[in-house]
Each structure stands twice: as C-alpha cells, then as structure tokens.
Amino acid sequence: MARQNYLFTSESVSEGHPDKVCDRISDEIVDLVFKEAKKVGMDPAQVRIACETLATTNRVIIAGEVRVPETLLKKDKEGKILKDASGAPVVNPSKFKSVARKAIKAIGYEQAGFHWKKARIDVLLHGQSADIAVGVDEKGNKDVGAGDQGIMFGYATRETPELLPAPIYYAHKILETLTAARKNGDGTAKKLGPDAKSQVTVKYENGKPVGVTQIVVSTQHVDESLSSADVRKIVEPYVRNALPEGWITNDTVWHVNPTGKFVVGGPDGDAGLTGRKIIVDTYGGAAPHGGGAFSGKDPTKVDRSAAYAARYLAKNVVAAGLAERCTIQLSYAIGVAKPLSIYVDLHETGKVEPAKLEKALGEVFDLSPRGIREHLDLNKPIYAKTSAYGHFGRKPGRDGSFSWEKTDLTKALKDAVAA
C-alpha cells in the first residue's frame with residue numbers, strides 16, 4: 001500500500017540558469033537545422049543532430065555531430081562543399097553563432113560577464129559518425145534504428161489538470177510567472193535578472209496534494225542594493241498567484257535568496273552545460289528517469305523521442321480513466337527499430353491488468369523511431385520552447401509543439417484493452 005501522508009519536494013530553474021541557457025542554444029540549433037532542411041527540400045528524416053553547448057564567462061562552445069543541409073556547410077570560391085581530413089563536410093559556423101546570440105538576447109543577458117553581443121562563440125560541430133549512421137539510417141528493407149541503446153520512462157498522475165506531479169508543476173509555474181513579469185511587466189519585477197531557481201515542498205494527505213510547507217526562490221537581481229527581504233517583497237505576490245488558493249498558510253516557511261545578494265548570475269556566475277537538468281525537465285523526481293537528456297537531439301535519438309512517446313502513452317492511460325497514476329518504461333538497442341520491452345506500473349490504481357495494457361500499447365502506437373516521429377510529428381522546428389520549464393505538462397501548440405501532451409489516444413486504448 002502506497003503512503004498516503006507525506007511531504008515531497010521538486011525544484012525548477014529558469015531559462016536564465018546556466019544549464020538552461022545551454023539547453024536553449026542546443027535546441028535552437030535543432031530548430032535551425034529543421035528550418036534550413038525545409039527551405040532546401042531536404043527530407044527531414046535525414047536530419048541528424050547531437051549538439052552540446054558549454055557556457056561560461058562571455059564564452060559559448062557548441063560541439064557535436066550533425067547531418068545538415070548544404071546551406072549550413074562551408075564552400076570554396078567555386079561553390080564546392082569543403083571537407084575535413086576524414087572526408088566529412090565542414091560546417092559553416094555563421095548561422096549557428098547567430099541563433100546562439102539571439103537565444104542569449106531573448107533570455108535577457110546583457111551583463112558585463114555574459115552579453116549576447118560580446119560573448120565569444122566557438123562552433124565545433126562536425127559530420128555524424130559513419131558507424132552510427134549505418135545503424136540508424138534506413139536502407140533497403142531496414143527501418144530506422146534507434147540512435148542509441150537506453151531506457152526511457154513516461155509518467156502521468158491526476159494530481160494536476162495537466163496530469164503532471166504537483167511539486168514540479170508548481171515549481172515551474174512560479175518561475176514562468178516571474179519570468180513573464182520580468183520581461184513584460186512594469187515596476188519592481190524588472191529589477192530581477194534572468195537566472196533563478198525555485199523549490200516547493202508539497203504536503204500530501206490521503207494521497208492528494210493539499211498545500212505547501214516550504215517555498216524556496218533564489219533569483220538574480222540587477223539592483224545591488226536589494227536585500228533578501230526586498231526581493232521577497234517583489235516575488236511573493238507572483239509566487240502566491242502561481243500556487244492554488246489556500247496552499248500557502250501562516251505555517252508555510254519561505255526562503256527567498258537565503259544566501260543574500262544574487263547579482264552575478266548565469267554562465268558568468270557558474271558554468272552551464274546541456275543536459276544537466278534532466279529531473280527538472282521531466283517529473284521532478286516523482287517518477288524514474290532513464291538518464292538520457294533531451295535538448296540538442298533530433299528525434300532519431302530515442303532518449304528524447306521515446307521519452308516523449310512514453311509520456312504520451314502514460315498521459316493517455318490516465319486520461320482514459322484506466323488508472324489514477326501510470327509509469328511506462330521503454331527500452332531500445334542501437335540500430336534496432338522495435339523496443340526491446342514495454343513495462344507498465346499502475347501503482348495499484350489500475351482498472352486493467354498491466355500485462356494487458358502493455359500488449360495494447362504496442363498495438364495502438366508504433367514505437368519504432370519512425371513510428372514515434374510520424375505519430376507525434378516530431379521532424380519540425382518545435383524544440384527551443386521545450387528547453388525551459390519542463391518538457392511535460394505543457395499545452396500542445398498550433399505549430400505542432402508538445403504533441404506528446406495530447407490525449408487523443410484514449411478511445412483507441414479503451415478499445416484495445418476491451419478486446
């Protein structure tokens with residue numbers, strides 16, 4: 001029997017956090033490649049990106065493997081594509097640098113130690129490994145194989161309307177609210193900087209979230225004279241607005257900028273790297289994580305696309321009323337199209353046998369990399385907006401973004417388990 005009364009904590013970080021700056025740049029590059037592919041008529045299924053970003057004081061380094069359209073490659077005076085010693089085409093860094101600067105500017109960094117215009121940006125992208133390409137590409141009767149081995153998890157719960165765990169959902173919402181106020185509001189919120197972190201401890205009674213016992217907000221501020229008490233006066237109304245009515249009581253403990261001054265922030269204060277906030281990106285620790293990061297990767301990388309598929313299936317299971325909570329695990333081998341296993345845990349809340357549901361999931365959704373890509377329509381420039389405030393619990397966009405948050409598979413699932 002699962003515990004019914006307990007405290008659980010999740011954290012979030014803002015788009016200006018050093019690691020999230022790097023996630024944003026890496027995902028802007030994914031979007032850039034898909035946009036360029038569409039311009040020149042390149043099959044988006046042939047796009048390959050595995051892009052990592054490192055950021056520190058006025059320095060950004062972008063590295064990784066890519067297969068990109070000709071418009072993103074270097075050419076000689078005669079228009080021929082330049083190749084390196086291994087025979088791989090050489091990437092032209094100009095457009096990659098441009099999207100990186102635009103991302104840094106959009107986040108809001110114009111400080112002395114990290115400035116969108118002044119930062120040095122090095123692009124060290126190169127062609128995809130031929131050995132990996134052999135396993136991943138279609139050839140003859142061979143379907144697209146998984147880009148790597150690994151395990152991926154999806155999770156859903158009825159704790160929030162978005163079927164996301166309450167602690168991570170509200171930790172995200174606090175920072176989204178503060179960011180919107182900093183960028184679009186007027187008055188004191190403009191004294192805040194881009195770098196921020198939040199953390200909420202949620203109280204559960206009878207298995208349901210009912211309030212918060214501890215709130216942590218650490219936010220950069222551009223006015224050096226502000227004390228922790230001053231910052232609390234600025235952020236408290238936004239925090240209260242982000243949380244459900246009645247969740248904050250007189251017993252709720254606040255920790256706002258608990259170390260005091262927070263003026264130097266972002267990559268100038270702490271180096272950032274793509275993929276270091278995987279728990280923030282997913283379920284805040286309330287569910288397992290396979291270990292693979294998302295940002296900077298095209299959909300053949302199943303640690304991204306299959307994690308999206310697992311979330312999609314788990315959310316549809318709960319939305320269909322087949323369980324109150326659902327965890328799904330998928331596993332893959334590099335170069336192999338079909339998942340090696342499908343595992344379902346309904347946490348003693350299910351209305352159907354997990355084994356029957358495991359069979360049904362494979363029937364209603366083609367879980368090969370190609371099947372996931374086509375069903376969720378993932379070969380699009382939809383990734384930059386996933387880089388902050390979570391990849392899950394977001395509203396599907398008209399541009400095809402967050403398609404894995406749709407609940408359009410409920411009827412098919414009900415029919416499959418009823419058969």
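**View 1. Isoleucine 49 stands opposite valine 66 in S3.** This is a predicted model, where local features need pLDDT of at least 70 and side-chain atom pairs count only at pLDDT 80 or more, while totals for chains, interfaces and linings use all residues. Residues are numbered from 1 along each chain as its sequence is written, and side-chain values use heavy atoms, with hydrogens and water left out. Strands (E, at least two residues) and helices (H or I, at least four) are DSSP runs, numbered from the N terminus. S2 and S3 run antiparallel, joined by 9 bridges; two strands count as paired if DSSP finds at least two bridges between them. Their hairpin has 2 residues between the strands, and asparagine 58 takes a positive phi there, near 45°.

**View 2. S3 also pairs with S6.** Here the strands run parallel, with 8 bridges joining S3 (residues 59–67) to S6. Valine 66 sits opposite glycine 127 in S6, and isoleucine 61 has aspartate 122 as its bridge partner in that strand. Zooming out, 4 strands make an open sheet of mixed pairing, in the order S6-S3-S2-S11. The edges are S6 (120–127) and S11 (272–273), each pairing on one side only.

**View 3. Two helices pack on the sheet.** Helix H1 (residues 18–40) touches strand S2 (48–56), S3 and S11, where contact means heavy atoms within 4.5 Å. The direction of H1 makes about 150° with that of S2; axes are lines fitted to C-alpha atoms, for helices over the stretch in contact, and angles run from 0 to 180 degrees between N-to-C directions. Helix H2 (residues 94–107) touches S3 and S6, and its direction makes about 135° with that of S6.

**View 4. Which side chains of S3 point to one face and are buried?** They are Val60, Ile62, Gly64 and Val66. Buried means under 20% relative accessible area, exposed over 50%, and partly exposed in between (1.4 Å probe, protein chains only).

**View 5. Aromatic pairs come to a count of 13.** Rings of Phe, Tyr and Trp (its six-membered ring) pair if their centres lie within 6.5 Å; planes under 30 degrees apart count as stacked, over 60 as edge-to-face and the rest as tilted. One of the pairs is tyrosine 6 with tyrosine 204, stacked at 4.5 Å centre to centre with 10° between the planes. This pair links distant parts of the chain, 198 residues apart: tyrosine 6 is in strand S1 (residues 6–13) and tyrosine 204 in strand S8 (residues 192–205). Tyrosine 6 is partly exposed at 23% relative accessible area, whereas tyrosine 204 is buried at 3%.

**View 6. Tyrosine 308 meets phenylalanine 392 edge-to-face.** Their ring centres are 6.1 Å apart and their planes at 85°. Because tyrosine 308 lies in helix H7 (residues 302–319) and phenylalanine 392 in the loop between helix H9 (369–376) and helix H10 (410–418), the pair ties together parts 84 residues apart in sequence. Both residues are buried. They also belong to one aromatic cluster, formed by Tyr155, Tyr283, Phe294, Tyr308, Phe392, Phe402 and Trp404.
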